Amino acid sequence: MKEVYKKSVEDIKEILGVGSDGLSDAEVQKRREEYGYNELRESGKKTVLQVFMEQFKDLLVIILVGAAVISMFLGNVESAIVIFAVIILNAILGTVQHIKAEQSLNSLKALSSPVARVFRNGSKIEIPSREVVVGDILFLEAGDYVSADGRIIENYSIQVNESSLTGESESVVKELYTIEASNVPIGDRKNMIFAGSLVTYGRAEMIVTDIGMSTELGKVATLLETTKEKKTPLQVSLDDFGKKLAMVILAICILVFSLNIYRGYVLIDSFMFAVALAVAAIPEALSSIVTIVLALGTQKMSKQNAIIRKLQAVESLGSVSVICSDKTGTLTQNKMTVKNIYVEDEIIDSNKLEINNKLQEKLVLMGLLCSDAISDEEKEIGDPTEVALINLGRIYELKELSIREKYSRLNEIPFDSDRKLMSTLNKIGDKASMITKGALDVLIDRCTSIESTEGIREFTQEDREKIEKVNEEFSKVGLRVLAFAYKEVDENTVITLEDEKELTFVGLISMMDPPREESAKAVEACISAGIKPVMITGDHKITASAIAKEIGILKDESEAMEGYELDMLSDEELKEKVEKISVYARVSPENKIRIVRAWQDKGNVVAMTGDGVNDAPALKQSDIGIAMGITGTEVAKDAAAMVLTDDNFATIVKAVSNGRNIYENIKNSIRFLLSGNTAGIIAVLYASLAALPIPFAPVHLLFINLLTDSLPAIALGLEPHKASVMKEKPRDINSPILSKSLGTEIFIEGFIIAVCTMIAFRIGLFYDGNKVASTMAFATLCLSRLVHGFNCRGKESVFKIGLFTNKYLWLAFGLGLALLNIVLLVKPLGGIFQVEPLTIHNLKIIYGLSILPFILVQIYKLIFIKAK
Ligand code: ATP
């Protein structure tokens, strides 16, 4: 819409056909059909064909294609066909994996997509941002990302950061007035809010004038590049490892090639063999297996309420050694109920409020007026602290909506967790009252008088001490306390922070927010997994300590610290102390960043929760920023690596367990792939050095590496998660996945498989000649690698893990076994796969030798590996 800022709000509503009830469903439908969804077009999405073609970009595949073409020209058509078939099958498998991984990542993105609150059919509803249409009335508040362009129609001190459009990093104050001038630049269109901006303060209502590509953001972005998922550190280090390994393998291939030429084999055969050996030895599936296992892992985690926004988080989760968590809603239920009120030196149980007591009623009324929540039988909307206040009003039959209409709100200073206060200016009769509620420690210094039934008198030191004592009593039993005060001002005043002083104290309201049932158990699990849980809260120190003690985070009061104490410590001093502090109370967002840094400086991997607009820097600073899905702002979610859909601490602990398991599973897949490949290389090297005939035809190695090996590797990545991982200390994030001990195990296992393969080869050579020997070596290598999959399921013996608990591995094993037997037993395939018919006796030898590595490894595990 052109020059909207020049038009009056009424004109815009008329042009856009918006009535007092907002848009109707039919209108929305019509507009959607006309203008489409509110989204920026994405580019760079690959088609299935492109993904398929990309599978051929691999250097090894190119070499193989070259080799196939050469052998075709030399008349060896059969082997060329086999090579092509294997490459195509491998590419199909790669494409399916890629698409599956992408699908699961996309569905994750959809789960954490932004939402907007709009007014339609006469009520306020929440919808995905992409469903916003022109003419919608949008509600904005601090922490929101604005999803469309629009004109402000109601303004409550809103400030927004428009840096994505204007580059200006400071927040700008927005206004309601109509602008007269023409051609006003974006930065000066004060009565408009644009898509991509972030609300940093206050709130507003706006009418949407442009969506999607028609917004100012859409015009600048034109085409939004699909954000490419960055490779995780694990993928990077595996790619790096793969490259180094390729060099070593290349050297081995050149050696084998030279030896073969020296022994007088035909050049082309020697070349084909060297190529096949390279393919057999290089674990090109490594990186893609990591991707698929990570992607499938995130899918599982999303079902358990943890949505991963950055794939890297899955890896880091396994190394988390500190979890810094909010209290309210994460460790507690966020279901507040008022327990007591305190007025005139008296603590009164909320069930025993006196109907005729004017001061008690006044306090309750102040609670209703100085809050934004709505509560009825069907729904509770808003901050649970305020919902509790509204519910308290029921005792006096006070309904928030009618009360707010009767004593209308003239203006307000919104709640802000830094200030810990909220004020509203309400018209009461012919006067205007500024009502302030908030944390007692902040409010008490601003009170100069106190109200009792007799009237208002000066606020004395004695009053202060009494009130603070009550506050302490409430806090000690874990109650949250809100203090209430007011003053009368001129009704034309626009209240500012300056006005929050010289107030008249009225009373306190205490409320209970019990810990979540699962919190204590989750804290215990954390501690036994070597993870330090830390509570960081805006609440009072004594309240926080009481709850922390109940759930096992805090043992001794000395482990609690307040934000102001932290402010007095230098970074060095904080680093010294940080390990001894379990609870931080009355913290500011800056405090959170310092706490994270101090832990990180001590070499820890820190997970940190956050929900507010100011939490984003701390979330980014931490190794894993965790945003609250229910109560969190869009800004916090955007900055986070993980979003909890249930805001629950126990979910974080579950996610850590998943992270550890996923890492273990990836390690097991790698172990499987590398030990199998090592076996192939050792066998070939041995045969070359011992001047034996070449043990495998190229097609044999291709068959094993490209067909029967990938599926078990994926199946190992899907191994059911083990609870025992939470009995170990967190993994050092800097230790390589391929540790020395894993390397040794891989070598020993590869060696054993190679020995069995060569025994089969020797037996074949001795009794039946070269061709049968080669078939026996191929079958033994293939089968023993398939069986070896079961050795790679975990540290312990499979008989302890549960032989049948990984059904995917059985499926992969069954399929591999079937493929092998088809090749061995179906006569017409013999020529293509270069296998000779085998006798029952040969088969017995193959099966026996293939099971041998399994038996040896299992015996070792049963004797030497202790169960956790
Ligand atoms: P957490 O960080 O664990 O979620 P919290 O929810 O207790 O902590 P805040 O919401 O920042 O932290 O609240 C800090 C303090 O501000 C509370 O202890 C309370 O005294 C006061 N407070 C909370 N909500 C309101 C509100 N809606 N209006 C006025 N004061 C409030």
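Helices (H or I, at least four residues) and strands (E, at least two) were taken as DSSP runs and numbered from the N terminus. The structure is a predicted model, in which local features need pLDDT of at least 70 and side-chain atom pairs count only at pLDDT 80 or more, whereas totals for chains, interfaces and linings use all residues. Residues are numbered from 1 along each chain as its sequence is written, and side-chain values use heavy atoms, with hydrogens and water left out.

In the secondary structure of the chain, 32 helices and 28 strands were assigned. The C-alpha trace spans about 115 × 65 × 45 Å along its principal axes. Burial was classified by relative accessible area, with buried meaning under 20%, exposed over 50%, and partly exposed in between (1.4 Å probe, protein chains only). By this criterion, 53% of the 868 residues of the chain count as buried.

D21 is located in the loop between α1 (9-15) and α2 (25-35), and with a relative accessibility of 45% D21 counts as partly exposed. From C-alpha to C-alpha, E205 and D144 are 12 Å apart in space and 61 residues apart in sequence. The shell around the ligand has 19 residues, of which K327, T328, S417, R480 and D539 come nearest. Polar contacts were defined as pairs of N or O atoms within 3.5 Å; within protein, one atom must be able to donate a hydrogen and the other to accept it, and residues adjacent in sequence count only if both atoms are side-chain atoms. A polar backbone atom of T328 is 2.9 Å from an oxygen atom of the ligand. Side chains also take part: a polar atom of the T537 side chain lies 3.0 Å from an oxygen atom of the ligand, and a polar atom of the E386 side chain lies 3.1 Å from a nitrogen atom of the ligand. The ligand taken alone exposes 620 Å², and the protein buries 91% of that area. Accessible areas were computed by the Shrake-Rupley method with a 1.4 Å probe; for residues, only the protein chains shown count as cover.

Two or more residues of the shell come from each of β18 (431-438) and β21 (480-489), and β21 gives the most, with 3 residues. In composition, the shell comprises 9 charged, 5 polar and 5 nonpolar residues. For this division, Ala, Val, Leu, Ile, Met, Phe, Trp, Tyr, Cys and Pro count as nonpolar, Asp, Glu, Lys and Arg as charged, and the others, Gly among them, as polar. Domain 3 (306-332 + 516-647) and domain 4 (337-512) each supply at least three residues to the shell, the domain bounds being drawn from an automatic or database domain assignment.

Positive phi values were found at residues other than glycine. E397 has a phi of about 55° and is placed in the loop between α13 (384-393) and α14 (400-406). E397 is exposed, with a relative accessible area of 71%. K420, with a phi near 60°, is placed in the loop between β16 (409-416) and β17 (421-428). In contrast to E397, which is exposed, K420 counts as buried at 10% relative accessibility.

Helix α26 (residues 710-717) is largely enclosed by the rest of the structure, because 7 of its 8 residues are buried. The buried residues of α26 are S710, P712, A713, I714, A715, L716 and G717.

With a disulfide defined as a pair of cysteine sulfur atoms within 2.5 Å, the structure holds 0 disulfides. C370 is in no disulfide, and the nearest cysteine sulfur, that of C447, is 13 Å away. C370 is buried, with a relative accessible area of 0%. For C792, the closest cysteine sulfur is that of C756, at 15 Å, which is too far for a bond. C792 likewise counts as buried, at 0% relative accessibility.

Notes:
A residue is near a molecule or strand if one of its heavy atoms lies within 4 Å of it.
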